[in-house]
Each structure stands twice: as C-alpha cells, then as structure tokens.
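Please open the structure in your viewer and keep the selection tool at hand.

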Amino acid sequence: MSSVFSICGTYRDTLVDAKHRVLLDGGWQSNQIVSGCFTLLAALMKGHQQARGILSLAVGIGDKGWDGQPPAPSPQDTRLERECCRKTLSPSDLAFLGPDNRPVSEPTSCLEISVRFTAGERGDKNGLRLREFALFGGDATDEKDSGVMINRVIHPRIDLASGTTLVRTLRLDFSGESFQEKALGTFGASLPLQGIDGIGKTYEAALTARGIHTLSDLARVVPGEHTDAVPSGKLLEFRTKARMILNFPPSLSALSGTSSRPLGNLIAEPPEALGTLLKTSENTPGKTLELHQALMSLQVAMTDDALRSLTINDLTPPSGN
C-alpha cells in the first residue's frame, strides 16, 4: 500500500444561546489546508526565529455574493476576503487528542483547537454575519491579515446575534496515511457498508470486490488506490463517514435511557430533551452536548433507513470484543 502524506483538517460549529441551548449544529466538516501550513512546518522544523505555531483564529464577513453557494477556498490562499476580527489563542485553547479523540497530556499527531465567539464582546453590538475563518501562525499578531495562513473555510452564513455564542472546534490530524496504524473504535463495526449514506449496491459491490467488507476496512483505505472502482472524492467521503461511526465515544454508548431508542428518535430531540432521558448523575450540560454532537455525526454518516431502524445497543459490540 502506497504512503501519501496529508494533513486532515476538520471543524464543527455550534451556535448556542444565553441558556446554552443549541440553535445550530453544523456537524463535522472538512476544511482546506493551505500551502502556508507546509511552509510554516518547514520553518518550525528548521527552528526559524520568527516561526511560531498556531497563534490566532480569524473570522470574516466574506462576500454577500457567497450566500446560497459558498465558493471553495484555494490551497494558495493567504488571507481572508474580509476579516472582521480575530482571537488570540492561549495554550488552554489547544489540546492533543488520543485515538479516541479525547484530550491527552503527551504530544500526539492530532490537535484540537476550541474557540468561542460571543456577539458583542468586541464592540459589535449589532452582531456579525460570518462567512469565513482561518487559523494563523508564524508571525501573526492582533492585526488583521497578519501571519501565515494555515487553513481556510468558507461556510454558509452564520448570524451571530446578540446573546448568542459560536463554539468552533477544529481538528488538525498530521498523521497522514499513518492512520493505517491507528486504533479505531468498534462502534458500528457490524453495520453493512450500505448503512453508510451514499453507498448503494453498485459502490458496495465495487468495494467488496477489492477486499473492503467492513467499516474498519473502509476507514483505512487510501482513496488514490481504488479510483478504478470508486471516484477518489467519493471514497474519501465514505472513509470519513466510516471513521465518524467507528469513533462514537464508548462512554456515550453506555448511557442509560438512550441505548434502546432508535437513533433517528434521539437525533430529533433537542439537547435539553436528551438530558431528561439520562440519570441524574449523567445529566450534565457537557455530557448532554457531547451526546447531541455525537448523534449529529451519526446523522451525517448513516442512511435514514439505518437511523430509523437501529439503536445504540444494536451498534455497540458485546463486552470483550
């Protein structure tokens, strides 16, 4: 199997109100790693005196013409279209993630960056209409357009109105295709390939003919090696969805009150309603939001039929497996 190094960038936007109720959950989405990231990595490896890592996250209002059909960013981008503000990151805003996507103290090849933007905190009393963002490092300062751009996202417009907070979580996975050696979760390992949204009979037959029979097999494929069977873009999409299912947190699959209900029913519930299904000891704002976000990942990855018919119990492997 060939080795192709790449940096995988993903992000998730959650908009909450003053009572921490979720108004919008965009689910996990990919983002464009730009060429500046690789230049910055080279500078860091050399120990260049002006090279520093991730320093800030900038947001922009972009262009009104993007509404309805946001354009794709370019790998050669170096700045936002119309940056409106940026937030300097502190060490506590960044964390190393282990194989189960939980923070660990020792360095790993995966970073998570968490940032919160609250309407009005920077004098924008009328709120903001956001359409783009990017991470900056190198010699970035508080000045707009400063520093080396690391990634870029152009997204559907988010109206950050008074009393609302945008919780933005980004992950950068530097392992490239060394993901082949990573430990994967086992949640949903028994799910047929057609349980993944977008895989019909034709794609399933093409995948199984090449030895890809399970979600674990699919989660480890290198898209460029199977373009004769499935377009590389589609295979990358299917691989991402398989990983999203397999890495459903084990701690959530053990929660009482939710494991025997169809996934589709749970997904339809707002976070505050999910909390009423949990034991008092389990019903915390953090746990409820984590469950809601994990269910949103399953909604993105699985077919409607699978969500209607399957439960968390159905997808949780027996103890000891």
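Select Asp-77 and Arg-152 and display their side chains: a polar contact of 2.8 Å joins the two. The model on the screen is a predicted one. Asp-77 belongs to the loop between strand 4 (54-60) and strand 5 (83-88).

Is Asp-77 buried or exposed? Its relative accessible area is 17%, and the cut-off for buried is under 20%, so Asp-77 counts as buried. To view its surroundings, show Val-34, Met-149 and Arg-152, with which Asp-77 is in contact when neighbours within four places in sequence are left aside.

**Strand 4 and the residues around Ser-56**

Next, select Ser-56, which lies in strand 4. Ser-56 is buried, with a relative accessible area of 2%. Which side chain does the side chain of Ser-56 meet in a polar contact? The partner is the side chain of Arg-86, at 3.3 Å. Beyond its neighbours within four places in sequence, Ser-56 is in contact with several residues, including Arg-86, Lys-87, Leu-135, Phe-136 and Ala-140.

Now select Arg-86 together with Phe-136. Arg-86 lies over the face of Phe-136, 4.7 Å from the ring centre. Then select Lys-87 and Phe-117: here Lys-87 lies over the face of the ring of Phe-117, at 5.0 Å from its centre.

Highlight Ala-95, and then find Glu-112 in strand 8, which stands opposite Ala-95.

At 59% relative accessibility, Ser-30 counts as exposed. Show Gly-9, Thr-10 and Tyr-11 as well: Ser-30 touches these residues, not counting those up to four places away in sequence. The C-alpha atoms of Ser-30 and Tyr-11 are 6.3 Å apart, although 19 residues separate the two along the chain.

**Aromatic pairs**

How many aromatic pairs does a search of the whole structure find? The search finds three. For one of them, select Phe-187 and Phe-248. Their ring centres are 4.4 Å apart and their planes stand at 25°, so the pair is stacked. Phe-187 lies in the loop between strand 12 (165-173) and helix 2 (201-208), and Phe-248 in the loop between helix 4 (232-246) and helix 5 (250-253), so the pair ties together parts that are 61 residues apart in sequence. Both Phe-187 and Phe-248 are buried.

Select Tyr-203 and Phe-238 for another pair. Here the ring centres are 5.5 Å apart and the planes stand at 65°, so this pair is edge-to-face. Tyr-203 is in helix 2 and Phe-238 in helix 4, 35 residues apart, and the pair thus links distant parts of the chain. Tyr-203 is partly exposed, with a relative accessible area of 22%, whereas Phe-238 is buried, at 0%.

**Helix 4**

Colour its buried residues, among them Leu-235, Phe-238, Arg-239, Ala-242, Ile-245 and Leu-246. When viewing the helix along its axis, recall that an α-helix has 3.6 residues a turn, so residues three or four places apart point the same way.

**The whole protein**

Finally, clear the selection and view the complete model. The protein contains 10 helices and 12 strands. Of its 321 residues, 46% count as buried. Among contacts with a separation of 6 or more, 71% are between residues 24 or more positions apart.

Methods: Residues are numbered from 1 along each chain as its sequence is written. This is a predicted model: local features need pLDDT of at least 70, side-chain atom pairs count only at pLDDT 80 or more; totals for chains, interfaces and linings use all residues. Side-chain values use heavy atoms; hydrogens and water are left out. Two strands pair if DSSP finds at least two bridges between them. Helices (H or I, at least four residues) and strands (E, at least two) are DSSP runs, numbered from the N terminus. Rings of Phe, Tyr and Trp (its six-membered ring) pair if their centres lie within 6.5 Å; planes under 30 degrees apart count as stacked, over 60 as edge-to-face and the rest as tilted. Buried means under 20% relative accessible area, exposed over 50%, partly exposed in between (1.4 Å probe, protein chains only). A charge sits over a ring if NZ of Lys or CZ of Arg is within 6 Å of the ring centre and within 35 degrees of the ring normal. A polar contact is a pair of N or O atoms within 3.5 Å; within protein, one must be able to donate a hydrogen and the other to accept it, and residues adjacent in sequence count only if both atoms are side-chain atoms. Contact means heavy atoms within 4.5 Å.
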